[in-house]
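Please open the structure in your viewer and keep the selection panel at hand. The tour below goes from one selection to the next and says what is found at each stop.

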Amino acid sequence: MSEVSEGVQAGDRTLDGAATGGEVELDGLTKKYGTVEAVRGISLSIRRGEFLAILGPSGAGKTTLLNMLTGFEKPTSGAIRINGRDVARLAPHKRGIGVVFQHYALFKHMTVAQNVGFPLRMRGMSMREQRGHIQHALELVKLEGYAARFPDRLSGGQQQRVALARAIVFRPALLLMDEPLGALDKRLREHMRVEIKRLQRNLGATVIYVTHDQNEALTMADRVAVMNDGVVEQLGTPDDLYERPSSAFVADFVGETNFFTGRAVLDPDGRVRVVLDGDRPEHHRDVENVASLRPGSGVEVGVRPEQVSLLPPDQAEAPAVPGTVSDVLYEGATALHVVETPIGDLSARLSLGSIRETRWDVGDRVAVHWDARAARGYPAADRAS
Ligand code: ADP
Ligand code: MG
């Protein structure tokens with residue numbers, strides 16, 4: 001049997017299958033557009049039924065990566081295997097992949113049912129056979145009763161749900177989504193996150209979900225691949241990324257981080273510590289991931305705002321940093337306190353839940369403190385910005 005006809009069969013077989021999640025392997029995947037290397041040698045494995053988010057700023061290469069999976073773009077080099085089969089020479093519609101884009105791209109002259117049934121028609125299924133699959137897909141996205149409507153009579157959220165139904169109607173092994181909620185307002189986006197997760201669990205499908213929204217990535221994904229400039233900077237679970245960012249870029253892009261510059265020093269006990277610019281030189285601070293730091297070289301230290309505490313100056317222990325509150329931004333359950341200090345301006349996010357919590361006002365003198373385990377050090381040259 002040829003590679004192509006096997007692919008068709010695998011695609012068709014998924015129509016009846018229940019849990020059909022595909023296993024995906026990218027091996028040294030590279031895409032060049034002239035001199036621009038949009039994707040540079042990405043290798044990663046995506047497990048059956050996994051929800052992988054690809055998170056990164058605009059221009060990172062996320063869409064290019066997805067387009068190579070769908071077959072809309074041909075890799076310059078490297079391989080893509082779905083369930084162990086190299087799909088390089090398979091046409092897009094023979095890869096068993098459902099795709100949802102930011103812009104719904106529904107056919108305006110077709111009803112909802114005709115839109116959803118389109119992939120089935122492309123696969124040569126008769127109208128009679130299509131009906132049950134369309135009905136089921138519409139149920140999954142909670143649009144039963146909308147089959148006869150035209151897209152222009154639907155809200156943005158409903159249109160995106162039709163696009164979802166169309167992507168899942170043939171029970172793809174792999175569902176690819178490129179910023180699918182990008183055009184929706186915040187409330188709807190949050191609602192759709194839950195819907196998409198539910199859908200994925202019901203289908204057992206493997207999902208690769210592209211977004212530049214870190215909240216979306218952290219809340220939805222089993223693992224997140226942070227992309228920057230054509231490469232994966234870090235691949236990990238949401239809490240890996242948030243609590244143990246492996247680079248200053250990731251610390252900055254995922255969540256908020258205060259950065260301080262300084263210099264690595266090797267102490268007599270053999271431990272690498274950091275002296276921060278503007279800090280008392282005798283304050284050799286412990287930071288996490290010292291393995292990446294070379295004594296004598298420049299360092300950036302990152303501390304999350306919620307890891308920073310503010311104390312009355314007379315209650316602080318060394319090596320607290322003295323500061324003055326310059327701004328308090330009320331956030332509801334928390335308040336972001338901006339503090340001017342000799343090591344630079346920094347933010348402390350304090351919980352307002354407890355009534356015993358000290359409230360600080362602009363102009364208050366404070367001592368800034370954080371636990372050494374909450375501070376991560378990165379080589380200063382790590383980040384090109
Ligand atoms: P993202 O989806 O992360 O915003 P893209 O994959 O769209 O990023 O783009 C990655 C890089 O590749 C960008 O520098 C972009 O300008 C370039 N690029 C994307 N598509 C093309 C194309 N068809 N021709 C030339 N350059 C492209
Ligand atoms: Mg894109």
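Is alanine 291 buried or exposed? Select alanine 291 in this predicted model, and you will find that it is exposed, with a relative accessible area of 80%. The cut-off for calling a residue exposed is over 50% relative accessible area, and therefore alanine 291, at 80%, counts as exposed. Its place is in the loop that runs between β12 (272-276) and β13 (298-303).

**The whole protein**

Zoom out until the whole chain is in view. The C-alpha trace spans about 80 × 45 × 35 Å along its principal axes, and the protein contains 9 helices and 19 strands. Of its 385 residues, 48% are buried. When contacts between residues at least 6 apart in sequence are considered, 68% of them join residues that are at least 24 apart.

Next, colour the two domains separately: domain 1 takes in residues 24-243, and domain 2 is made of 256-310 together with 319-379. The C-alpha centres of domain 1 and domain 2 lie 40 Å apart.

**Helix α5 and what covers it**

Select residues 156-168, which form helix α5. This helix has 13 residues and reaches 19 Å from its first C-alpha to its last, which is close to the 18 Å expected at 1.5 Å a residue. Helix α5 is largely enclosed by the rest of the structure, because 12 of its 13 residues are buried. Among the buried residues of α5 are Gly157, Arg161, Leu164 and Ile168. To see what covers them, show also β6 (97-101), α3 (112-122), α4 (127-140), β7 (174-178) and α6 (186-203), which are included in that cover.

Keep α3 and α5 on screen and hide the rest for a moment. These two helices pack at an angle of about 30 degrees, with their axes 7 Å apart, and α3 passes α5 in a right-handed crossing. With side chains shown, Val112, Asn115, Val116 and Pro119 in α3 meet Val162, Ala165 and Arg166 in α5. By class, this contact of α3 with α5 has 5 nonpolar, 1 polar and 1 charged residues.

**A residue in a strand**

Move on to serine 347, which is placed in strand β17 (residues 346-351). Serine 347 counts as buried, at 16% relative accessibility. Apart from its neighbours within four places in sequence, serine 347 is in contact with Asn258, Pro305, Val308, Leu336 and His337, and these can be selected together with it.

**Two loop residues with positive phi**

Which loop holds aspartate 229? It is the loop between β9 (223-228) and β10 (231-236). Aspartate 229 is not a glycine, although it has a positive phi of about 50 degrees. Its relative accessible area of 48% makes aspartate 229 partly exposed.

For the last stop, go back to the loop between β12 and β13 and select asparagine 289. Here, too, phi is positive in a residue other than glycine, with a value near 40 degrees. At 23% relative accessibility, asparagine 289 counts as partly exposed, whereas alanine 291, where the tour began, is exposed.

How values were computed. Residues are numbered from 1 along each chain as its sequence is written. Chains are lettered from A and ligands numbered from 1 in the order in which they are written. This is a predicted model: local features need pLDDT of at least 70, side-chain atom pairs count only at pLDDT 80 or more; totals for chains, interfaces and linings use all residues. Side-chain values use heavy atoms; hydrogens and water are left out. Domain bounds come from an automatic or database domain assignment. Helices (H or I, at least four residues) and strands (E, at least two) are DSSP runs, numbered from the N terminus. The expected span of a helix is 1.5 Å times one less than its number of residues. Buried means under 20% relative accessible area, exposed over 50%, partly exposed in between (1.4 Å probe, protein chains only). Contact means heavy atoms within 4.5 Å. Axes are lines fitted to C-alpha atoms, for helices over the stretch in contact, and angles run from 0 to 180 degrees between N-to-C directions. A crossing is left-handed if the near helix is turned anticlockwise from the far one by less than a right angle, and right-handed if clockwise. Ala, Val, Leu, Ile, Met, Phe, Trp, Tyr, Cys and Pro count as nonpolar, Asp, Glu, Lys and Arg as charged, and the others, Gly among them, as polar.
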